[in-house]
Amino acid sequence: MSMADNIKNTFATTTLVQPPRITIALLSASALAYEILLMRLFSIIQWHHFAYMIISLALLGYGVSGTFLSLNSRRLLTNFPRVFVINVLLFGISTLVCYLLAQQIPFNPQEILWDAHQPWYLLFLYLMLALPFFFAANAIGLALMSYRQEISHLYAADMLGAGIGSVGIVLLLFIAFPENSLRIITAIAIATAAIACWELGLGQKLRWLLLPAAIIPLMLPAAWTQLIISPYKELSQTLRITGSEVIAEYSSPLGLLSVVKNPVVPLRHAPGLSLKATQEPPTQLGVFTDADAMTVINANPGGKNLEHFAYLDQLTSAVPYHLRHLQQLQHVLVLGAGGGSDVLQARFHGVEKIEAVELNPQMVNLIREDYKKFSGDLYNVNKIQVHTAEARGFVTGVQSQYDLIQVALLDAFNASSAGLYALNESYLYTVEALQEYLKHLTPDGYLAISRWVKLPPRDTIKLFATAVTALKRSGVKNINQNIVLIRSWQTSTLLIKNGPFSAQEISALQNFCEQRAFDLVYYPGMSASQANQYNRLREPVFYQAAQALLSGQYDSYIKNYKFDIQPATDDKPYFFNFFKWSVLPEVLTLIGRGGMPLLEWGYLLLIATFLQALVVSLALILLPLAFLKRNSSVPDNNDIPHWRAFGYFFALGLAFLFIEIAFIQKFILFLHHPLYAIAVVLAAFLIFAGLGSAYSRRYSQHNNHNKGIKRAISGIIILGLLYLLVLGPAFSLMLGWPALLKVFIAITFIAPLAFCMGMPFPLGLSLLGNKSQHLIPWVWGVNGCASVLSAVLATLLAIHFGFTVVVVLALIIYGVGAFIMLAPSTKLTE
């Protein structure tokens, strides 16, 4: 008897009382919560770009499960209740164990081309963290195989549970630290195994054994789950200094805040401080977000003595305060207030009205409550108004105009210079963002943006190019008259004026730079001899770049430059990605000889993840296909050919994740934070896809699978094209609306599309259940492996071509998938 016949007989003889819907929902909720939690954990112990690897490895677990079930379905299904419970239990145990083991893997993305061990470390990390999802997928896949008449309902429970889990983990992170959230998820998963025993009618002794076992993760010593932060993150490096200690920690979905003091070697945080400065900063406390991106709280007992902050006048960001001769800046907006240094800078220069925007409310509470006396009650001073909001959204929604909009340094120098923010979507530095800022300037007002100086030069030049493009799109005719750029040894400040710079302002700019040994990079009428005078480079590269970008050489300069300095847009918001493939051969020749500054490690990690996913996925698809072909009999006339099943479910895996990933990235602009966007978009897609799955049973019950697939995919294509037209203008209109209202709007946008997207998969499975039951576990793996590739490939495509291209490709793939499944039968054989 062939393997196909064995599987068919198993389907025919397996009858169970009730499907474990509650268990499936809880299991999916736990799995999605664990996936999002891993993103948070790796944002802390590593960097943000691991989010895409987490999505990919989670789907890898589902793909491997499909292969495993394809090869072992007969033996597993004969003992379905016990095997199901065992897999649920193993999922729960492995969520904690695999993470703890993964923390011991000495992976460092900065050494991936230099150290031959690092690719293997990445592979071990990838496979280790995929294991819990493998067990979860086994349980779900076995349930779908055992209850093929209930596929729509079980798939709906799967999707609904996953949606609830993606929201639940965000709520949990408001009340528990990430490492404690991990314990809670493990406990819930183990308790779910007990619920599975109850639903499947297994012995009471096992249920009462599993319920107390769920408490064990909550009772483990705290040291066991302590976060092991990368030694290359800024917090780790600071704690190496004698006397440094973390005195307080605060956690929320927006980040883990660590407050550091050092009474032995005092913190002195003054980025790009003039080499002529004579006054040092006062006592400072460092505040790190996710062990990186340090900001400081300056000591100011009493809150009135501003003389201690003269050092803030020795930074490049102070330049706009020195350009007005007859009138001081009256109204200043600080974006990214952090610990308040830029607010203090404005106070030091006598600004009458200061507004500050800070995304993280816990950061604001640090200044207002916990360190109120230490900071001199900075955020409660009458002339200062602090807004807890996302910077871009606040500017879009406010009606005020400002004499100065100050955009502070919002990332860490070490990570930024190493290219570890390469995959970090930032809507603060896009062309559209700069246009929005410029709209809110008073006549002759300034927009000041400070960045780290990297060598070889990258983001300062990219920012300059972005400003040129923004001014062009805003209709400014003489762009070269409205922009100036200066730099110190570590920072640069770009200044854009709402009008041309006057001769008096240029003279004040020259004096400011001369007194502080800052280099002039560009101002209207500047000559080459005035550049590169203090912090000397071999060539005046910054000056040359500014001249080229303001001339007819704009396009050719960007094309021929060593790094990608094409301005970021809302469709491609990857400001921090500078990687060009043309640089890689040069880098490889410099291994061990200083080639590291040329690389963008976040991008290379994404490529490495994609290559690993590609190799593993091909093996997982081709291996079981060859095995099934070798061990199966000739298909009946009613069987669905392997090539149709493969093409259809592979297309669904690619297209679903393409749209989901594109929407997550796009909705970061609308919902202001990656974790919020992931949670809301995933929840909306999964919950409404679950409802679509449940609705699809109306077609499968009446054997109208083809009709249901046609309608669903037609709806996906129509809605997808419509959203490409309306989402951009809608976001621009509603960006400043209240957060909860925007969450409701986001769900409203996603709901009809997700509902349609939830139908093709269960309809395809139900069709296989009627005609080719033996292919169900295999297509489960095919779909999972396609999703593994899609999660990473979607991001790569978005970086190079933008979100619009990703969505259009997804719609085409959906259409191709429908054609493959629904096209008239041909004589094409296996």
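Which helix gives the most residues to the lining of the second largest pocket? I will come to that after a few words on how to read the model.

What we have here is a predicted model, in which local features need pLDDT of at least 70 and side-chain atom pairs count only at pLDDT 80 or more, while totals for chains, interfaces and linings use all residues. Residues are numbered from 1 along each chain as its sequence is written, and side-chain values use heavy atoms, with hydrogens and water left out.

Let me start with the pocket. On a 1 Å grid over the protein atoms alone, a pocket is an open set of points with protein on both sides within 12 Å along at least five of seven lines, a cavity is a set of points where a 1.4 Å probe fits but cannot get out, and lining residues have an atom within 4 Å of a point. Grid points are joined across faces, edges and corners, and a volume is the space filled by probe spheres set on the points. The second largest pocket has a volume of about 800 Å³, and of its 36 lining residues the closest to its centre are Leu671, Tyr676, Ala739, Leu740 and Val743. It is H23 that gives the most to this lining, with 7 residues. Among the other elements that supply at least two residues each are H6, S1 and helix H25 (739-757); helices (H or I, at least four residues) and strands (E, at least two) are DSSP runs, numbered from the N terminus. By class, this lining holds 26 nonpolar, 8 polar and 2 charged residues, where Ala, Val, Leu, Ile, Met, Phe, Trp, Tyr, Cys and Pro count as nonpolar, Asp, Glu, Lys and Arg as charged, and the others, Gly among them, as polar.

Helix H22 (642-671) and helix H23 (674-701) are among the elements that give two or more residues to its lining, and H22 provides the largest share, 7 residues. The lining divides into 20 nonpolar, 5 polar and 3 charged residues.

Next, the sheets. S1 and S2 form a hairpin with 2 residues between them; they pair in the antiparallel sense over 7 bridges, and Glu249 stands opposite Ser258 in S2. Further along, 5 bridges join S3 to S4, and the bridge partner of Thr289 in S4 is Asp292.

The other is an open sheet of 8 strands with mixed pairing, in the order S7-S6-S5-S8-S9-S11-S10-S12, whose edge strands are S7 (384-388) and S12 (519-522). Within this sheet, S8 and S9 pair in the parallel sense over 5 bridges, with Val407 opposite Ile449 in S9.

I will finish with helix H4 (residues 80-102), which has 23 residues and reaches 31 Å from its first C-alpha to its last, close to the 33 Å expected at 1.5 Å a residue, the expected span being 1.5 Å times one less than the number of residues.

Terms used:
Pairing = 2+ DSSP bridges.
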